[in-house]
Amino acid sequence: MGTVTPDGDGKGLPEKVKGLMPGITKDLSDLVTIRSIYDADNPKAHQDDLEAAATKARQLLRDAGLTEVELVEIGGAGSGEKPYDAKLVHGTYRPPGAGPKTPTVLLYAHYDVVQTDEKEWPEAFKPSVDKQSNRLKGRGAADDKSGVMMHVGALRALDGKPPVNLVVVLEGEEEAGRGTLEAYVQAHPEKFRADVIVVADGGNLSLGRPTLTTSLRGFAIVDVTVTTLVYGTRHSGMFGGPAGDAFMVLARMLARLHDADGDVAVPGLHTYEWHGVQPDEDAFRADAGVVPGMKLLGTHSLGERLYTRPSINVIGLTSKLPPHDKPVNQLIDTVTARIGMRLPPQEDPKTAAQALSDFLNSAELNPWGAQVVVSEPKELGQGFFAETDRPGYDIAAKALAKAFPGTTTQYAGQGGSIPLVSLLQEKNPEAVVLVIGCEEPKCLIHALHESVSLDELEHMTLAESYLLQAFGAPKSPAGTA
């Protein structure tokens with residue numbers, strides 16, 4: 001196919017991207033075969049896989065036209081502080097003859113994936129395409145190796161010559177939540193300067209419905225340990241009744257974190273109104289797989305419950321509780337739960353963690369006086385709320401809608417958390433931050449049988465191609481930055 005000139009109108013781009021899809025699909029499949037899991041408890045467990053994924057991603061960017069791409073040590077590797085940190089793939093590009101007003105666009109994605117039980121899903125790293133749905137199945141196919149390929153595909157569509165300066169950032173520890181990249185951004189903000197920031201770790205409200213995510217929740221994670229017996233487990237027949245079981249005490253405490261309606265009952269947490277597009281309840285039920293006949297938890301609008309009100313759940317549990325198929329008649333002496341809170345973007349995570357700690361330590365939750373220890377926050381993450389009145393959002397919305405003919409781009413919230421987004425906005429206060437991607441609900445990210453729609457990947461690759469052209473056009477607000 002011929003060269004697409006960066007004239008801003010995108011003529012020929014749809015056909016070109018369609019022609020690129022077999023290669024994009026092949027490269028995405030190759031990426032999915034790599035078990036690029038960053039295990040925070042055993043960082044070296046998949047070191048070779050992480051190195052292979054980073055090397056593959058770097059080569060894909062180089063082959064797409066970015067000659068300046070390096071693998072960067074961003075943590076304590078080699079210093080004795082940490083045994084291994086996944087490499088950051090960092091690439092830059094400057095158009096020939098670019099002037100001082102040429103905008104810089106930062107493209108972000110991550111190449112690591114969440115762990116999966118390969119006994120339950122033995123084909124997790126054996127990608128396959130379902131021809132009927134045109135979906136590529138495999139761990140990381142959507143989250144977030146589709147984001148990597150969206151960036152690579154857009155560069156290929158523009159023949160490696162976008163009309164903007166580029167900074168490409170591909171992370172290898174996003175799912176671990178260690179904050180290594182965030183610390184690196186704090187120490188080296190000059191490497192992340194941009195007028196437009198595209199975070200390809202989001203998705204559309206539904207398949208084929210272009211969406212700009214304008215709200216991300218923050219989060220706070222703490223451990224609570226309950227101890228009822230000082231000498232270890234005890235026989236439930238001899239001591240059960242008067243002597244407390246730590247797991248039962250914990251269960252009572254956890255139950256009190258919500259009220260009878262299912263709203264979070266922790267005093268001191270804030271709630272806010274949601275004014276964006278409201279999710280469809282029937283679609284939400286279907287996508288989440290809610291049991292038929294079960295009420296949705298909480299009150300207020302569905303948008304508020306998902307985006308601007310707190311939610312709490314247990315994300316980890318450690319105890320001496322025997323497995324179900326090997327029960328033991330005993331009282332459990334101690335148990336630890338890891339509690340995760342999703343928070344409205346305006347909420348301060350540190351303050352929220354303290355509110356949760358105070359409530360867990362209250363007599364209201366522990367009337368029996370069991371020993372309760374709440375940890376310092378294990379993780380904190382600030383939410384993100386976009387200022388959509390900036391003209392760059394309108395340009396991006398038009399680019400997305402153009403890639404999905406006959407549609408209008410929606411501005412919507414997302415219940416997830418990406419702390420890096422708020423940090424990049426902090427370091428680039430005037431920048432337009434766009435959270436987009438291929439991770440629509442049918443992708444089942446973080447679950448068994450994750451997949452990505454190849455049609456969605458094609459349209460989002462086209463959308464990013466249009467977007468890069470639009471921001472490089474002389475009349476673009478980013479072009480005058």
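**Exercises on local geometry and contacts**

At 28% relative accessibility, aspartate 159 counts as partly exposed, a class that lies between buried (under 20% relative accessible area) and exposed (over 50%), with a 1.4 Å probe and protein chains only. The model is predicted, so that local features need pLDDT of at least 70 and side-chain atom pairs count only at pLDDT 80 or more, whereas totals for chains, interfaces and linings use all residues. Residues are numbered from 1 along each chain as its sequence is written, and side-chain values use heavy atoms, with hydrogens and water left out.

**Exercise 1. Describe helix α3 by its span and its burial, and examine the peptide bond between aspartate 143 and aspartate 144.**

Step 1. Helix α3 covers residues 145-157, which makes 13 residues, and its first and last C-alpha atoms are 18 Å apart, close to the expected 18 Å at 1.5 Å a residue; the expected span is 1.5 Å times one less than the number of residues.

Step 2. Of the 13 residues in α3, 13 are buried, and the helix is mostly covered.

Step 3. Aspartate 143 and aspartate 144 are joined by a cis peptide bond with omega of about 5 degrees, and aspartate 144 lies in the loop between β5 (135-137) and α3.

**Exercise 2. How many salt bridges does a search of the whole structure find, and which residues are linked with Lys26 in a network?**

Step 1. The search finds 20 salt bridges, each being a side-chain nitrogen of Lys or Arg within 4 Å of a carboxyl oxygen of Asp or Glu.

Step 2. One of these salt bridges joins aspartate 30 and lysine 26 at 2.7 Å, N to O; both residues lie in helix α1 (residues 13-32), 4 residues apart, or about one turn of the helix. Aspartate 30 is partly exposed at 25% relative accessibility, and lysine 26 is partly exposed at 49%.

Step 3. The network of salt bridges links Lys26, Asp27, Asp30, Lys56 and Arg156.

Step 4. Glutamate 173 and arginine 178 also form a salt bridge, with the closest N and O atoms 2.4 Å apart; glutamate 173 is buried at 4% relative accessibility, whereas arginine 178 is partly exposed at 28%. In the salt bridge between arginine 390 and glutamate 387 the corresponding separation is 3.2 Å, with arginine 390 buried at 17% and glutamate 387 partly exposed at 45%.

**Exercise 3. Characterise the aromatic pair of tyrosine 184 and phenylalanine 192, and find which charged ends sit over the rings of tryptophan 368 and tyrosine 466.**

Step 1. A search of the whole structure finds 3 aromatic pairs. Among them is that of tyrosine 184 and phenylalanine 192, which is edge-to-face, with 6.1 Å from centre to centre and 85 degrees between the planes. Rings of Phe, Tyr and Trp (its six-membered ring) pair if their centres lie within 6.5 Å, and planes under 30 degrees apart count as stacked, over 60 as edge-to-face and the rest as tilted.

Step 2. Tyrosine 184 and phenylalanine 192 are both buried.

Step 3. The charged end of arginine 252 sits over the ring of tryptophan 368, 5.3 Å from its centre, and that of lysine 402 sits over the ring of tyrosine 466, 4.6 Å from its centre. The criterion requires NZ of Lys or CZ of Arg within 6 Å of the ring centre and within 35 degrees of the ring normal.

**Exercise 4. Is glutamate 440 buried or exposed, and how far is its C-alpha atom from that of arginine 209?**

Step 1. Glutamate 440 is placed in the loop between β18 (432-435) and β19 (451-453), and at 2% relative accessibility it counts as buried.

Step 2. Its C-alpha atom is separated by 9.1 Å from that of arginine 209, although the two residues are 231 residues apart along the chain.

Notes. Helix = DSSP H or I, 4+ residues; strand = E, 2+ residues; numbered from the N terminus.
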